[in-house]
Amino acid sequence: MAEIISGKILASKIKQEVKQEIKQLGIKPYFAIVQIGNNPASNTYVRNKMKDCDECGIESYLYHYGEGISQHALEVFLEELSISKDFHAVMLQLPIPNHLDMQEAINEINFKKDVDGLTTINNGLLATGQNGFIPCTAAGCMEMIRSTGIDIAGKNAVVIGRSNIVGKPVAIQLLKENATVTICHSHTIRLKEICQKADILIVAVGKKNFVTADMIKPGAVVIDVGINVQENGKLCGDVDFNEAKEVAGYITPVPGGVGLMTRAMLMKNILEATKCQLIKDI
Ligand code: NDP
């Protein structure tokens, strides 16, 4: 029976540490969130982020624009926030409407304030092994793996999903920690066989029960990133949790897993951005 990696316990510890460090820092971090439109899930995510900020002693401000905002207006606003001395950290809540170019917009955020780690500069820093902001979900996955105490070096790690937000940054970090990494996607052949060899399995697909118990190597660390809404309105991950926990060595639950860690890592990144800017004006 697998040990459950509790996002609740880990995230609460990280937020406590952030709160303590902010107290010692003597100044409050200021964080700007830009939201476009009224996606119900985004409304919840933004509310939760602002609640976390409150808990940690971070001043958060929401700038809410209508669906019709132009690419130019969005870029100008993000650039203004990036230049402003009023904010240490800036993020664009995703998703944004289809008529907008997400990457172009995000790249207007100064990479030193890019606490979501999604600018091309931060992507490049991660890919080349340099210090920068790592996307929060990917950083959270790594904290959860490390919390098991297993030695990542030399392990077979399989990442299902290759998005810029989750799959790729998780894979790059695992590689940096000397795992042997396989990245799978919708064109992958013999996925089941590949997964069966994984000592560490990260699943970021977005499909309920995508990974079943027979795909898991006994004793493996299974990190379930997926968030799916079931017919009854309840959330579940991509892994068939009840069956998988009988085979895995460690497993994350949904809810109560990676989602909470994503929020905690954002708080950590905001603190880091503030500290960097105190040392060196940008
Ligand atoms: P994307 O839709 O961007 O990526 C999904 C990935 O799954 C793609 O790389 C896709 O492959 C791959 N995939 C789809 N079908 C298959 C298949 N049959 N076999 C193998 N691979 C497949 O999603 P995200 O990465 O943004 O998110 C993934 C999940 O994680 C979602 O449920 C999302 O809600 C959740 N999420 C959770 C977060 C959290 O905090 N817990 C944060 C961010 C996301 P291809 O590239 O070939 O299309």
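**Exercise 1.** Determine how the lining of the largest pocket divides by class, and where that lining comes from.

*Solution.* Step 1. The lining of the largest pocket holds 21 nonpolar, 13 polar and 4 charged residues. In this division Ala, Val, Leu, Ile, Met, Phe, Trp, Tyr, Cys and Pro are nonpolar, Asp, Glu, Lys and Arg are charged, and the others, Gly among them, are polar.

Step 1. The lining comprises 38 residues, and Y45, T137, I227, G259 and T262 lie nearest the centre of the pocket. Two or more lining residues come from each of α2 (40–56), α6 (136–146) and α10. Helices are DSSP runs of H or I with at least four residues, numbered from the N terminus.

Step 2. The volume of the largest pocket is about 1,100 Å³. A pocket is an open set of points, on a 1 Å grid over the protein atoms alone, where a 1.4 Å probe fits, with protein on both sides within 12 Å along at least five of seven lines; lining residues have an atom within 4 Å of a point. The volume is the space filled by probe spheres set on the points, which are joined across faces, edges and corners.

The model is predicted: local features need pLDDT of at least 70 and side-chain atom pairs pLDDT 80 or more, whereas totals for chains, interfaces and linings use all residues. Residues are numbered from 1 along each chain as its sequence is written, and side-chain values use heavy atoms, without hydrogens and water.

**Exercise 2.** Describe the second largest pocket, and state which element gives the most to its lining.

*Solution.* Step 1. This pocket has a volume of about 660 Å³. Of its 25 lining residues, N131, G132, F133, I134 and E272 are nearest the centre.

Step 1. At least two lining residues each come from α5 (120–127), α6, α7 (167–176) and α10; α10 gives the most, with 5 residues.

Step 2. By class, the lining has 10 nonpolar, 7 polar and 8 charged residues.
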